[in-house]
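Have a look at the model first, then read on.

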Amino acid sequence: MYHVKEAFYTLQGEGAQAGRASVFCRFTGCNLWSGREADRASAKCTFCDTDFIGTDGINGGRFATAQALANHIKALWPHKAQHAVPYVVFTGGEPLLQLDTALIAMLHSEGFEVAVETNGTVPAPAGIDWLCVSPKSSNPLVITHGDELKLVFPQADAPPEQFANLAFSHFFLQPMDRSAIAPSSIASDSESTVKAATAYCMANPQWRLSLQTHKIAGFE
Ligand SMILES: C[S@@+](CC[C@H](N)C(=O)[O-])C[C@H]1O[C@@H](n2cnc3c(N)ncnc32)[C@H](O)[C@@H]1O
Ligand SMILES: Nc1nc2[nH]cc(C(=O)O)c2c(=O)[nH]1
Ligand code: SF4
Ligand SMILES: [Mg+2]
């Protein structure tokens, strides 16, 4: 049984594929946080910007088979987009707690490319076409190669230097969105995570800036 919080058609907002039309499938649950605010401070990942509890979001639900979930995803890709390769991004929560080779194979047979956004602490099934790993604090990575490493910045226990030698094709710093965590406190300009990430990328050109364009442009 697959548990899906929500699924929707949008543009990939982040990283090297930013701007690409995508079906997002957000799985329920994560191994680094319960998702409850009361547990945030003591969680293994404390800055999450996402609600991944339950199956009550748009197009969410429980799917008994890979075929059923693949059909659900396929129905969200517009029929008119015939000249583009259909693209699905599995995220969460932590998608690698649920994504398996059966679901990947089913989507490949429907012509989809399969992308994943993961915290890198859970092994990945074979067949993923675009793998984005986003390390979280000192939680050990079990995935050390992939297409992009997208580090939320800054994180005291996860400096970029720790990941710079891993086998990824792209290295991104994504400014931490603090408003998602403490909506009432507006950070001063001198505390801007965008400024800090920009300065780091300018001093260390291996790294590029990833902005969360869906939030800036407001398309989601
Ligand atoms: C909600 S996570 C779900 C996927 C997976 N659990 C992970 O952490 O990569 C999706 C993406 O949002 C990023 N993210 C989460 N909270 C953020 C925040 N407050 N500011 C910026 N990016 C954030 C994550 O690092 C990850 O790249
Ligand atoms: N548009 C859009 N792009 C995204 N890229 C990664 C996201 C995520 O939450 O995994 C995300 C998201 O939530 N929305
Ligand atoms: S690992 Fe990802 S989904 Fe889990 S709490 Fe952290 S950012 Fe959120
Ligand atoms: Mg998001």
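What covers the buried residues of helix 2? I'll come to that in point 2, after some ground rules.

1. Ground rules. This is a predicted model, in which local features need pLDDT of at least 70, side-chain atom pairs count only at pLDDT 80 or more, and totals for chains, interfaces and linings use all residues. Residues are numbered from 1 along each chain as its sequence is written, while chains are lettered from A and ligands numbered from 1 in the order in which they are written.

2. Helix 2. The cover over the buried residues of helix 2 includes helix 1 (66-74), strand 4 (87-91) and strand 5. Helices (H or I, at least four residues) and strands (E, at least two) are DSSP runs here, numbered from the N terminus, and contact means C-beta atoms, placed from the backbone, within 7 Å. Helix 2 covers residues 101-109, and its buried residues are Leu103, Ile104, Met106 and Leu107. Seen down the helix axis, these fall within an arc of 160 degrees, so they line one face of helix 2; the arc is that of the directions from the axis to the C-beta atoms. Thr101 and Ser109, on the other side of helix 2, are exposed. Buried means 20 or more other C-beta atoms within 10 Å of the residue's own, exposed means 12 or fewer, and partly exposed is in between, with C-beta atoms placed from the backbone. After helix 2 comes Gly111, with a positive phi near 90 degrees.

3. Nine strands make an open sheet with mixed pairing, in the order 3-1-2-4-5-6-7-8-9. Strand 3 and strand 9 (208-209) are at the edges with a single partner strand each, so one side of each has no neighbour in the sheet. Two strands pair if DSSP finds at least two bridges between them. Strand 1 is joined to strand 2 by seven bridges, running antiparallel, and Glu6 has Arg26 in strand 2 as its bridge partner. Strand 1 also pairs with strand 3 (residues 61-63), again in the antiparallel sense, over three bridges. Among the partners in strand 3 are Gly61 for Val4 and Phe63 for Tyr2.

4. The UniProt annotation "binding site", from an unreviewed entry, covers Cys30, Cys45 and Cys48. Its positions are given in the numbering used here, feature names are shortened, and annotations may be inferred rather than shown by experiment. The three span 19 residues in sequence, yet no two of their C-alpha atoms are more than 10.6 Å apart, so they gather at one spot. Cys30 sits in the loop between strand 2 and strand 3 and is buried, with 24 other C-beta atoms within 10 Å. Cys45 is placed in the loop between strand 2 and strand 3 and is buried, with 20 other C-beta atoms within 10 Å. Leaving aside neighbours within four places in sequence, Cys30 contacts Gly35, Phe52, Gly92, Gly93 and Glu94. With that exclusion, Cys45 contacts Leu32, Trp33, Asn119, Lys136 and Ser137.

5. Ligand 3. Which residues surround ligand 3? The shell includes Cys30, Cys45 and Cys48, along with Trp33, Phe52, Glu94 and Lys136; a residue counts if its C-beta atom, placed from the backbone, lies within 6 Å. By class there are six nonpolar, four polar and two charged residues around ligand 3. Here Ala, Val, Leu, Ile, Met, Phe, Trp, Tyr, Cys and Pro count as nonpolar, Asp, Glu, Lys and Arg as charged, and the others, Gly among them, as polar.

6. The residues around ligand 2 include Thr10, Thr50, Glu117, His214 and Glu220, and the shell of ligand 2 has one nonpolar, six polar and three charged residues.

7. Gln17. This residue is in the loop between strand 1 (2-11) and strand 2 (21-27). Is Gln17 buried or partly exposed? Gln17 is partly exposed, because 19 other C-beta atoms lie within 10 Å. Not counting residues up to four places away in sequence, Gln17 touches Gln12, Ala115 and Trp130. Gln17 and Trp130 are 113 residues apart along the chain, with their C-alpha atoms separated by 9.3 Å.

Note on methods
Contact = placed C-beta atoms within 7 Å.
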